[in-house]
Amino acid sequence: MSSAMRKTTKTPVVRRLAFAAVALGSCLALAGPAGSAGAAPADPVPTVFFGDSYTANYGIAPFNQDGDRTLCFQAKENYPTVATRRLADKGILLKVQSDVSCGGALIHHFWQEQQLPLTGHRLPPAGRQVP
C-alpha cells in the first residue's frame, strides 16, 4: 500500500513541475524577440491633449503665450510636454497634433465654447481646434 501512495503523491508533483517548465519556456520564448537590441522604433503615435488646469499646469510660470489661448495660462512645462518628453526617453514617440488644455476647462468645453473668467474672452470649442 505504501507504493500506491507514493505514485499518487508523486504524480501530481511531476505534473505541476512539467506544467511549470512548459509555462516558463513559453514565457521566455515570447519575451525573447521583444527585448532584442536591434528592434526598429515604432511610428509616432498621433496624440491630442485636452484637459483642465491640472493638464495645463495652471499657475506654473512661465506660461505659453500662443494666440487666443494665452489666457488659459498653460504652462510651458505642462502635462502634455512632460509626458511627451518622458515617453520619448523610453522610445515611445508621440506626434502631438494639438494641445488644447486650458485652466478652467470642463468636459462640455470640448463641444461648447469656454468663457475665460474675469476677461469675458471666449474660446472656441476644443473639439473644433483638433485637426
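This is a short talk on one protein chain and the spaces and contacts inside it.

The model is predicted, so to speak of local features we need pLDDT of at least 70, side-chain atom pairs count only at pLDDT 80 or more, and totals for chains, interfaces and linings use all residues. Residues are numbered from 1 along each chain as its sequence is written, and side-chain values use heavy atoms, with hydrogens and water left out.

I start with the overall layout. The protein chain has 3 helices and 4 strands, in the order α-β-α-α-β-β-β along the sequence. Helices here are DSSP runs of H or I with at least four residues, and strands are runs of E with at least two, numbered from the N terminus.

Of the 131 residues in the protein chain, 21% are buried. Buried means under 20% relative accessible area, exposed means over 50%, and partly exposed is in between, with a 1.4 Å probe and protein chains only. Among contacts in the protein chain with a separation of 6 or more, 58% are between residues 24 or more positions apart; a contact means heavy atoms within 4.5 Å.

The largest nonpolar core consists of 5 residues: Cys72, Cys102, Ala105, Leu116 and Leu123. Such a core is a set of buried Ala, Val, Leu, Ile, Met, Phe, Trp, Tyr and Cys residues joined through side-chain atoms within 4.5 Å. Leaving aside residues up to four places away in sequence, Leu116 touches Leu71, Cys72, Cys102, His121 and Leu123.

The whole structure has 1 cavity of 30 Å³ or more, and the volume of the largest cavity is about 50 Å³. On a 1 Å grid over the protein atoms alone, a cavity is a set of points where a 1.4 Å probe fits but cannot get out; a pocket is an open set with protein on both sides within 12 Å along at least five of seven lines; lining residues have an atom within 4 Å of a point. Grid points are joined across faces, edges and corners, and a volume is the space filled by probe spheres set on the points.

The lining of the largest cavity includes Cys102, Ala105 and Leu123. The largest pocket, at about 150 Å³, has Leu71 and Leu116 among its lining residues.

Gln97 lies in strand S2, residues 94–99. Why is Gln97 counted as partly exposed? Because its relative accessibility is 36%.
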